[in-house]
Amino acid sequence: MLKYGFIAPALIILIALNIFPLFYNIILGFTNSELSTGGTECAGLRNYSIIFTEPKFAAALRTTALFVFAAVTAELALGFGLALALKDRFRGKMPLLTLLLIPMMLSQAVMGRYWYLILNGESGILNNLLGMAGLHQPQWLNDPGLKLVSVLIIDVWMWTPFMMLIALAGLNSIPQYIYEAAEIDRAGTWTVFRRITLPMCAPLLVLAVLLRTTDALKQFDLVLATTGPNDAATQTLSALLYQTVFKDSRVGLGCAYACIILVIVIALASVFTRYIDFIQSKQGKTNAAR
Amino acid sequence: MKTRMIGIVAACALLPFAAGCGSGGDKPKQTVTIWWAQWAPADGLQELGQEFEAETGIAVKVHQIPWSSYQDQVFLDFGSKKTSFDVVVGDSQWIGRGATNGFYLELTDWLPTAVDMSTVHPRAARYLCEYPSGSGRFFAAPCETDAIGFAYRKDWFEDAKEKEAFRLKYGRELVPPETWDDFLEVAEFFARPREKRYGCAILTGRAYDSLVMGYQQIMWSFGGSWGDQTTYAVNGHANSDAAVEALWFVKKLLKFSPKNGADLDYGQTLEAFINGSTAMSMNYFAFFPDIVSNIGDKAGFFIMPRQGDRRVVSLGGQGFSISAKTSPEQQELAKKFIAWFLQEKVQRKWITKPAGFTANTAILGSEEFRKANPYNAAFAESLDSLQDFWNVPAYNELLAAAQKYVGEALDNVKTPKDALDALAAEHEKIFRDAKLLKQ
């Protein structure tokens, strides 16, 4: 009995804060619930029919997919590159690492506002610097073709250090003797990278990609801080969800949106976790063969 | 020892009651809680509240919420069984939602007993207090009456060299523009991007409603409309030729605006003017005290230009609405305060507060008011031309759609015609879903 007593508080908190809201959200998705009236009538599948017929959901889905793909790819490439550059010991490594990690420790909402000032087309620091250098001054937050790029720049600036950190952990976990053996076998740099470094880092890199993907799928703070939730060029799924629930007050419809976002996140997470399992089992077989 | 411990515990437990007994003779202080956005008029209201307390003993607490989250917080609070406020100074567009959902107490019988309605400017009464507009059913009392106007650089307009250059180029005097065509010429004249000087800064921000508030008055002046006020038909109105022409005109104005001119909210148009880069800046009159305090008499003010004989000004401001979800006793206290505030002698004090604008016609028409501030004359003149966006319960969805599609036209994502066609289709869908569209 005592053992149940120990797990009960955690279980109650989990049910109250996670399980109950999840099921309540699913139920509300089938109603026409409004933010402040409290009245709730069954709406059947109407909310889902709205979502799949209104072009704004498809547009938000496209924007989110583009954002996730571009942000995670850029962060992975830059983060892994930085990790490779910082893998070896050198003087001043720790202060440099600390400096590089600062962006990911800051609040996204606050950084979004700072970047809003930096990217301001008229009085922003960036455009003033470009102007002083005699270069073209793009309207980062006004030009519809650049709005999403601007949000991407901020996201990459904030989260590349996260990728770097995990990649660095992966690189440091590769035993030195494997590299020494490769050197004895006169393996070239590219071969060492392709056959040793990348495969042995892969599980951690995929985990980092999984974490960043699920996080980028929820992108909201930077969008809200820079262009607002109602801008067609940057309206991600979370921004559309916020606009629907808090601005349009359509809680039922918003909950249906949330359910769909949840399904997308779960589907992606499943793909990634299966891939991690696949890589690990492959590595296990290789090690056993050795 | 044990007895002593029990004694100490019992004494501690009874302490709150003992403290209560000490002040048992005093009644708890009566307080009216008002929620409003965080800005200068709310400070002025708080100051008047202190005078009310001195007269009646009823305290007034004005709780200020940042504009960005004001609407969200108010309607979230209306979701509770009892609101945290007794009075909300709500935006004019909220009134339909507040009235039809039972959030706002109906004031139809009470308001005319508190104030002589013939002294309230009819446009303020129509848009700030009534729902449906013109029905005679009141859900709010006038608090802050506001309108959009223009600030201009009087020193630039009065500069002899500029006047001469303007006369040579356009064959007429350089004066504050009377029509939108005049406005375009003046904006073009002052636009000198190489010198970081721009012709105009108009409201185009995407975050809440500034783009719609800026665009709609040009659209109305050009002969367009948001839709039929009785049938709620939108197609052929919001996307009429006149509306399309108005949107093209707005795009023309952007050529003479600061580089980020396609996305300027209230704060940014104000900043564009105060930083000395812009000749004419559009904004609500409530923001103009900041201009006077920053650049003094270098600034002048003028009413929204007309097109032909049509002059329309976007209404701003808010009315006092009493929460239907507060106790009857609190509602009575709220009524006492509102009735006190609407007295002419208090309204005369209200207009001395920063950006305190009245709807009282006697005060608006007085020389005293017109001369009190450099922008007051233009403000008083603007009230006869006031018009508002939809104020039906689904106003926010309508607003978001309008912001989005008009914004796409400014960003060259869609042509004005395509953007307004898409807007008309979405607005009709919203009205159909809200069961308002009559066809």
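Modeller: Helix axes are lines fitted to C-alpha atoms over the stretch in contact, and angles run from 0 to 180 degrees between N-to-C directions. This model is predicted: local features need pLDDT of at least 70, side-chain atom pairs pLDDT 80 or more, and totals for chains, interfaces and linings use all residues. Residues are numbered from 1 along each chain as written, with chains lettered from A and ligands numbered from 1 in written order.

Colleague: At what angle do helix α3 and helix α9 of chain A pack?

Modeller: Helices are DSSP runs of H or I, at least four residues, and strands runs of E, at least two, numbered from the N terminus. In chain A, α3 covers residues 55-86 and α9 residues 189-217. Their axes are 9 Å apart, and the angle is about 145 degrees.

Colleague: How many residues of the contact of α3(A) with α9(A) are nonpolar?

Modeller: Contact means C-beta atoms, placed from the backbone, within 7 Å. On the α3(A) side the residues include A:Phe67, A:Val68 and A:Leu76, and they meet residues of α9(A), among them A:Leu205, A:Val209 and A:Arg212. Nonpolar covers Ala, Val, Leu, Ile, Met, Phe, Trp, Tyr, Cys and Pro; Asp, Glu, Lys and Arg are charged; the others, Gly among them, are polar. With 2 polar and 2 charged residues set aside, the nonpolar ones number 10.

Colleague: Is A:Thr31 buried or exposed?

Modeller: A:Thr31 sits in the loop between α1 (2-28) and α2 (46-53) of chain A. A residue is buried with 20 or more other C-beta atoms within 10 Å of its own, exposed with 12 or fewer, and partly exposed in between. Because A:Thr31 has 20 C-beta neighbours inside 10 Å, it counts as buried.

Colleague: How far apart in space are A:Thr31 and A:Lys247?

Modeller: Leaving aside neighbours within four places in sequence, A:Thr31 is in contact with A:Thr40, A:Glu41, A:Cys42, A:Ala43 and A:Gly252. A:Lys247 is 216 residues from A:Thr31 in sequence, and the C-alpha to C-alpha distance is 18 Å.

Colleague: Which helix gives the largest share of the side of chain B that touches chain A?

Modeller: The contact takes 22 residues from each of chain B and chain A. In chain B, α3 (67-78) and α19 (395-410) each supply at least two residues of that side. By class, the side of chain B has 9 nonpolar, 5 polar and 8 charged residues. The largest share, 6 residues, comes from α19(B).

Colleague: What percentage of the residues of chain B count as buried?

Modeller: Chain B has 20 helices and 9 strands, and its C-alpha trace spans about 100 × 55 × 50 Å along the principal axes. Of its 439 residues, the buried share is 51%.

Definitions and conventions
Two residues are in contact if their C-beta atoms, placed from the backbone, lie within 7 Å.
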